[in-house]
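Hi,

Here is the structure I promised to pass on. Have a look at it first, and then read on for what turned up.

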Amino acid sequence: MSKLIVLNLGKGTLEAGFPFVTVQLQEDESGWKQFQGSLPPAPNITNLYRRWQLLYDLLYEARSINIGLRVMRVTPSQLQDEDDSDDGLEVDESDVTHISDADFDAVCKELQKNIDNWLDCQQFRSIESQLRTYLSKTDEIRFIIQTEDYYLRKLPWHIWHFFNDYQKAEIALSPIEFQPEIKVNSSADRIRILAILGDSDGINIDADRRFLSNLPNNPEVVFLEQPTRQQLDEYLWDKLGWDILFFAGHSLTALDGNTGYLYINSTEITIPQLKNSLRIAIERGLKLAIFNSCDGLGLAKQLDDLHIPQTIVMREPVPDTVAQEFLKRFLTEFATGQSFYLAVRYAREQLQGLENDFPGASWLPVICQNPAHAPLTWEQMHRNYSRDKNLSTSIPALKTKYPGRVRRNRGRRKRVYAALLISILITAIICGGRHQGIFQAWELKAYDEMVQLRPDSGIDSRLLILEVTEEDLQYQNQLGYARQGSLSDAALAEVLNRLEPLKPSVIGLDIYHDYPIQAAQEKLAQLANNQDFFAICKHNEPEIGHPGVAGPIFIPDERLGFSDVVIDNSDGVLRRNIFQMTPNLDSPCPTETSFAFQIALHFLHKNGYHVAPFVKDNQVLLGSNSNNGDNIIVPIITSHWGGYQGIEDKGYQIMLNYRSRQIANKVTLKEVLQGKFDPNLVKDKIVIIGTNTPTFKDQFYTPYSLSKQLDQTVQGVSIQAQMISQIVSSVKEKRPFVRIWYTWLETIWIWSWSVIGSCIALYYKKPAHIVFLIVGVICVIWFVCYSLFVMQSVWIPFIPAVLAIAFAAVVVSAYQRL
């Protein structure tokens, strides 16, 4: 059995880096091993690959070799403007014919060197080391890379030095999201191949025809030469199904990398234009698509959305000879018993022999794989099943003695069918409007109402907030303490002198301190070694001109947490908790973790809960990265999530599950300095130091805010306490995170109420009765939504369900009166 490695790069990019990289290794059917790490930004790789693309195009142009239709990705003048020009390669726009093989070889080597250095970084090196301990050099390895990033899919991953040590390993690309395998029993008695011979202008597709016609095991090969779209569509709907779809001709990928174009004849066509027929072909057994044509990653991307098991495409424009040689060598290996992945690797490597005439040929072929499907074999497809016999049965005409009753029943059925159709249309309209964010403001308001009505859980006794009030500002002046912000260094030092003997579990400073320590404050300098002291910084925001704020110079980076929060643009309310995001390269705040998350994890560790966030099976979990079942699923907010539609989903965000209106006990700075507080409030507690004064503009509106008045705001230090309490409670008391249903379940929920509204209007004629029932059902909807939210923290659509039942009732009532 071959071994499977899945490298999930998550949402990162080469420009921003990859903060959460997960590698899963399956050695056998017994289970998986998982490793985690990260990868730093590497924009130089993007620049080098763009340079490689340009030289590739220009080299073939200089040799007058046809590589088919192509989109010019970058011009020579643009290339000269790249910041990463230290590789010494330059291209003169007026002298492109002088591009040499040496120039091309140099950029190939430079690209390989940069990829090796990037994957050899400290954050990723441990993953490679752990993989090597479980792998043998004789293992057959399927190495799947999950990413949606355009340039990562373009990269020639096989040149990574790792693959030099494993000669039976081959790369495949995969989307991050995919569907499980559907078992299909074909009724055909042999392998079936649908071969599309498209526009052949400037290329020779007869060689492809001859080779496909002479495959072993006598497969059934049906050739379509320059078919119309209708003809192709009809063949894809064939009831016997197809095993392999082959295309030879011209193709290209748009600049966005997401759209591919096929030239089945002189006109272009896209995969979505064949969506229905391809979906049926896949359901009836289509296992492999081979696009022996140019620049096919856009085609593969669109086929990924249809969940095809395997696809083979060319990364870039491909010379005709190279395409023919690859097809011949791949099918020879595959049809004679070689595994699918090794057949691709051997065929790809044999293209190196052509590179004197066709530079870069061995970099072109790539597999695109649905990880849920087992690797394909020729023997598996070679079956000898009997064809099913389609038996037709005739249904006798209905006879009845009561034709009048039949007519009435037919009229009733017609109205029922119409009502059902209306409910489906209304559901589609509401779901479409919801996806566009039309109801977002209403849904968020309904969410706030549920938060306000939910029983108050009271203060979290594990936390203590030390407030700096307006009175405390004056009190520091009276003491002669010089301050640059809300809290002087002398006051902070005195606070620590009074708190530390009481042994708090954690102390967090929710006040910016981006200036040098004032003279004679050795106490603050000693905080560098205090593992229980954390402070804040703030990321820069170039889009609004905010430069960011650095953390205290006496606190190491690993004990800094960002204070950034996410405010809903629609109404300015803080409903979300962002606990991780990648800082900009020039940010004065170097940490990827929020202040609240840092403190919560530290407190949990000190209390014997050794948990951390990690990614597994495309889910973010909070736990010990083991299979003990105690890991907590963290529902990460995406751009379309519940009532949120089209929002910015930077970093890792969750709903801030507010505990209560007053989250923690509070003391003032003056009370602490004078020793007038209960020591039991400090011992083994989380102490957060922050401001409670309008002077420093650290107030936020929350779901508890009844208006947009200042007295309805909550101080930033209380928000941090809410976030800390949420994480700690989720681990210690298993308090659930706010989560939502799957999209399909939300759609069924909305459609169900649309059907109920249609039924009410169908069986009740008086408007007063309809209104009374609709109001009653809306109360039921609210009760269900509120109950699920209170008991399980599940946020389900209330406003869309209300609109569905109301609109369905109105439309069906109007239809009844036509």
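Strands S20 and S21 (residues 619–623) pair in the antiparallel sense, with five bridges between them. One detail to look at there: Gly 623, in S21, is the bridge partner of Ala 612. These strands belong to an open sheet of three, in the order S20-S21-S22, with antiparallel pairing. Strand S20 (612–616) and strand S22 (632–634) are the edges, each pairing on one side only. From one strand to the next, the twist averages 40 degrees. Before you go further, keep in mind that this is a predicted model.

Now the aromatics. How many aromatic pairs does a search of the whole structure find? The count is 40. Take Phe 143 and Trp 160: their ring centres are 6.2 Å apart and the planes sit at 85 degrees, so this pair is edge-to-face. Phe 143 is in strand S4 (residues 141–146), while Trp 160 is in the loop between helix H5 (150–154) and strand S5 (169–174), so the pair ties together parts 17 residues apart in sequence. Both Phe 143 and Trp 160 are buried.

Another one for your list is Trp 749 with Trp 753, where the centres are 5.4 Å apart and the planes are at 80 degrees, so this pair is edge-to-face. These two are four residues apart in helix H21 (residues 743–763), so about one helical turn separates them. Trp 749 has 11% relative accessibility and so counts as buried; Trp 753, at 11% relative accessibility, counts as buried too.

There's also a cluster linked by ring pairs, made up of Tyr 49, Trp 52, Tyr 56, Tyr 60, Phe 104, Tyr 150, Tyr 151 and Trp 363.

If you like charges over rings, here are a couple. Arg 209 lies over the face of Phe 223, 5.1 Å from the ring centre. Arg 576 has its charged end over the ring of Tyr 644, at 4.8 Å from the centre. Tyr 644 comes up again with Gln 436: their C-alpha atoms are separated by 9.8 Å, although the two are 208 residues apart along the chain. Gln 436 is in the loop between helix H13 (403–435) and helix H14 (440–453). Is Gln 436 buried or exposed? Its relative accessibility is 61%, so Gln 436 counts as exposed.

On to the nonpolar cores. The largest has 120 residues, and the members that touch the most others are Trp 118, Trp 157, Phe 330 and Phe 340. Helix H1 (residues 43–62) gives the most to this core, with ten residues. Neighbours within four places in sequence aside, Trp 118 is in contact with Leu 14, Phe 18, Leu 39, Pro 40, Ala 42, Ile 45, Leu 152 and Trp 157. A second, separate core has 85 residues, including Ile 430, Tyr 652, Ile 724 and Ile 750.

Last one: Arg 153, in helix H5. At 4% relative accessibility, Arg 153 counts as buried, because the cut-off is under 20%. Which residues is Arg 153 in contact with, leaving aside its neighbours within four places in sequence? Among them are Thr 147, Glu 148, Lys 301, Asp 304, Arg 315 and Cys 368.

Cheers

Definitions and conventions. Residues are numbered from 1 along each chain as its sequence is written. This is a predicted model: local features need pLDDT of at least 70, side-chain atom pairs count only at pLDDT 80 or more; totals for chains, interfaces and linings use all residues. Side-chain values use heavy atoms; hydrogens and water are left out. Rings of Phe, Tyr and Trp (its six-membered ring) pair if their centres lie within 6.5 Å; planes under 30 degrees apart count as stacked, over 60 as edge-to-face and the rest as tilted. Buried means under 20% relative accessible area, exposed over 50%, partly exposed in between (1.4 Å probe, protein chains only). A charge sits over a ring if NZ of Lys or CZ of Arg is within 6 Å of the ring centre and within 35 degrees of the ring normal. A nonpolar core is a set of buried Ala, Val, Leu, Ile, Met, Phe, Trp, Tyr and Cys residues joined through side-chain atoms within 4.5 Å. Contact means heavy atoms within 4.5 Å. Two strands pair if DSSP finds at least two bridges between them. Axes are lines fitted to C-alpha atoms, for helices over the stretch in contact, and angles run from 0 to 180 degrees between N-to-C directions.
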